[in-house]
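This report describes selected strands, a helix, a pocket and some backbone angles. The structure comes first, and the text follows.

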Amino acid sequence: MEVLTAVAAWAFASACHSLPGACNYLDRHCPRGDADLKALEDSLSSTAKVYFPGSSGFTNATTRWSVLEEPKVNVVVVPGTENDVVETVKYANKKNLPFLTYNGVHGALVSLGKMDHGVGISLNQLSSVEVAEDGKTVTIGGGTVSKKVTDDLWAVGKQAVTGTCECVSLLGPALGGGHGWLQGHHGLVSDQFVSMNVVLANGTLTKIDANSELWWAMKGAGHNFGIVTSLTTKVYEIEHSDWAIETIIFSGDKVEAVYQAANDYIVKNGTQPVGVINWSYWMNNADADPNNPVIVFYIIQEGVKAVDSIYTKPFHDLGPISATAQSGTYKDLAGWTSIAVDSPPCQKLGYANPRFPIYLEQYNVSAQKKAWDIYAPAVRGSSAFNNSIFMFEGYSVEGVHAIPAESSAFAFRSENLLAAPMINYLPAGPALERKAADLGNQLRDILSEGTGRKDFRAYINYAYGTETFQQIYGSEKWRQQRLRDLKHKYDPQGKFSFYAPIA
């Protein structure tokens with residue numbers, strides 16, 4: 001593609017001093033040399049950056065964790081201030097260009113692929129953690145990753161409910177509800193919100209709180225309504241410095257026994273103890289079994305140096321391949337469960353990583369066995385999917401259940417477990433892509449049938465992107481209508497329409 005040299009006069013004076021690079025898309029979608037873009041650059045703060053295709057900054061800002069149906073943009077603005085976001089949205093609106101905010105690049109919905117040109121807005125410079133003088137709240141920049149929130153708060157004897165994966169922003173998961181290690185005590189990440197600064201679809205920066213009409217929607221469907229440039233949320237004193245985990249690995253022939261034990265001794269029909277978490281992965285682990293996938297089952301407990309045997313003994317009695325106990329602090333949880341910043345799920349390695357989430361009230365052991373019998377041969381050995389993981393997240397739910405369902409757009413408070421096959425593969429054409437989707441959907445359908453419901457319920461932050469409005473946002477007519485009414489009022493032109501859009 002032709003390099004448009006008209007931009008050269010101002011490119012080197014801008015905050016981005018990288019090589020100009022070429023526009024890689026159709027010229028009609030190429031903003032370089034645009035007088036309005038020059039005006040945008042002039043309006044941005046001194047710390048803002050503007051990147052074009054061909055520069056390392058552009059590549060770093062747009063490279064995603066999952067490469068399936070990636071969004072494509074022609075220019076990336078990296079705001080240095082909240083007002084830079086305002087100016088960028090106004091520019092995009094003036095040019096009638098779509099825009100998409102990046103704030104962790106872990107969203108993997110195939111609907112993101114509908115963004116095929118336009119403006120990317122990367123929030124990674126809006127990274128800050130400021131605890132209020134009274135110690136009850138913290139104000140967090142819109143691009144702040146969860147690890148920074150955890151580390152900065154821990155250093156002053158505080159903690160907040162965040163998502164579990166260290167390299168993901170706090171706000172990305174939070175706008176879809178947000179599950180976290182501490183939700184048994186306090187509820188979802190979004191239940192902690194106190195106020196936020198939001199850039200609306202028309203480019204207006206506004207502060208909203210519980211008195212605002214839009215507040216309800218931002219807690220569960222927030223991706224559809226604005227760009228959150230800063231958030232004030234609740235913080236808590238550190239109650240437990242000690243945390244412990246036991247990692248128990250099983251062969252696949254134990255699948256029914258393992259999940260029956262989980263139901264009987266941990267999940268307990270939604271009465272799981274507030275300080276206990278069960279997680280498990282189905283995955284290949286050559287150290288445990290060089291030929292077949294295994295079940296990696298985690299039991300996590302707070303306030304102890306070793307997980308209580310009342311939880312571990314029933315699993316030991318099943319004859320696991322191995323059982324490993326570890327102790328440490330809350331800050332060790334991500335590393336123990338392989339979702340730390342240096343863990344594979346936080347690396348951008350060119351893989352497709354679609355997920356197919358479903359909420360469950362308990363483990364249906366027959367469905368678990370049926371799913372295992374499909375999953376294991378599909379991922380073992382030299383399969384293109386041999387790096388896949390089937391995730392089962394069993395947080396304590398007391399704090400989530402305690403908050404009225406009608407209080408937020410997040411619709412699935414009655415659920416106790418979150419399951420999601422993640423089909424990992426290197427892209428190799430449409431046939432493999434269809435095969436991956438077929439496998440993921442088949443596994444989800446098996447679990448769905450085991451619930452006895454007519455339809456499944458999906459976590460928005462793990463969604464594949466073809467789920468229905470009802471499956472993502474709930475089946476209640478009043479809930480659907482309220483979301484649609486707010487969408488029509490605050491985003492009538494559908495500017496926020498790429499991430500699980502409200503239709």
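A residue is called buried when its relative accessible area is under 20%, and exposed when that area is over 50%. The model discussed here is predicted.

**Strand S10 and Thr 229**

By that cut-off, seven of the eight residues of S10 are buried, and the strand is mostly covered. S10 spans residues 227–234 and contains Thr 229. Two strands pair with S10. Strand S6 (residues 137–141) is joined to S10 by five bridges and runs antiparallel to it; here Ile 140 has Leu 231 as its bridge partner in S10. Strand S8 (residues 193–199) also pairs with S10 in the antiparallel sense, over six bridges, and Val 198 stands opposite Val 228 of S10.

Thr 229 has a relative accessible area of 2%, so it counts as buried. Its side chain makes a polar contact of 2.6 Å with the side chain of Glu 82. Leaving aside residues up to four places away in sequence, Thr 229 touches Glu 82, Val 85, Leu 126, Gly 141, Gly 142, Asn 197, Val 198, Val 199 and Leu 205.

**Strand S18**

How many of the six residues of strand S18 are buried? Six of the six residues of S18 (residues 417–422) are buried, so the strand is largely enclosed by the rest of the structure. Leu 417, Ala 419 and Pro 421 point one way from S18, while Leu 418, Ala 420 and Met 422 point the other way; all are buried.

S18 pairs with strand S16 (residues 358–360) through three bridges, in an antiparallel arrangement, with Ile 358 opposite Ala 419. Strand S17 (residues 389–394) is antiparallel to S18 as well, and five bridges are found between them. In this pairing Glu 393 has Leu 418 of S18 as its bridge partner.

**Helix H9 and positive phi values**

Helix H9 covers residues 255–267, and its buried residues include Val 255, Val 258, Tyr 259 and Ala 261. Ala 262, Asn 263, Ile 266 and Val 267 in H9 are buried too. Lys 268 follows H9 and has a positive phi, near 50°.

Asn 269, in the loop between H9 and strand S13 (276–285), also has a positive phi although it is not a glycine. Ala 500, in the segment after helix H16 (477–490), is another residue other than glycine with a positive phi.

| Residue | Phi | Relative accessible area |
|---|---|---|
| Asn 269 | about 55° | 63% |
| Ala 500 | near 45° | 8% |

With a value of 63%, which is over 50%, Asn 269 is therefore exposed. Ala 500, at 8%, is under 20% and is therefore buried.

**The second largest pocket**

The second largest pocket holds about 370 Å³ of space. It is lined by 21 residues, of which Asn 60, Gly 104, Ser 122, Asn 124 and Lys 348 are the closest to its centre. Strand S1 (49–51) and helix H3 (56–62) are the elements that give two or more residues to the lining of this pocket. H3 provides the largest share, three residues. By residue class, the lining of the second largest pocket consists of nine nonpolar, ten polar and two charged residues.

Technical notes
Residues are numbered from 1 along each chain as its sequence is written. This is a predicted model: local features need pLDDT of at least 70, side-chain atom pairs count only at pLDDT 80 or more; totals for chains, interfaces and linings use all residues. Side-chain values use heavy atoms; hydrogens and water are left out. Helices (H or I, at least four residues) and strands (E, at least two) are DSSP runs, numbered from the N terminus. Buried means under 20% relative accessible area, exposed over 50%, partly exposed in between (1.4 Å probe, protein chains only). A polar contact is a pair of N or O atoms within 3.5 Å; within protein, one must be able to donate a hydrogen and the other to accept it, and residues adjacent in sequence count only if both atoms are side-chain atoms. Contact means heavy atoms within 4.5 Å. Two strands pair if DSSP finds at least two bridges between them. On a 1 Å grid over the protein atoms alone, a cavity is a set of points where a 1.4 Å probe fits but cannot get out, and a pocket is an open set with protein on both sides within 12 Å along at least five of seven lines; lining residues have an atom within 4 Å of a point. Grid points are joined across faces, edges and corners, and a volume is the space filled by probe spheres set on the points. Ala, Val, Leu, Ile, Met, Phe, Trp, Tyr, Cys and Pro count as nonpolar, Asp, Glu, Lys and Arg as charged, and the others, Gly among them, as polar.
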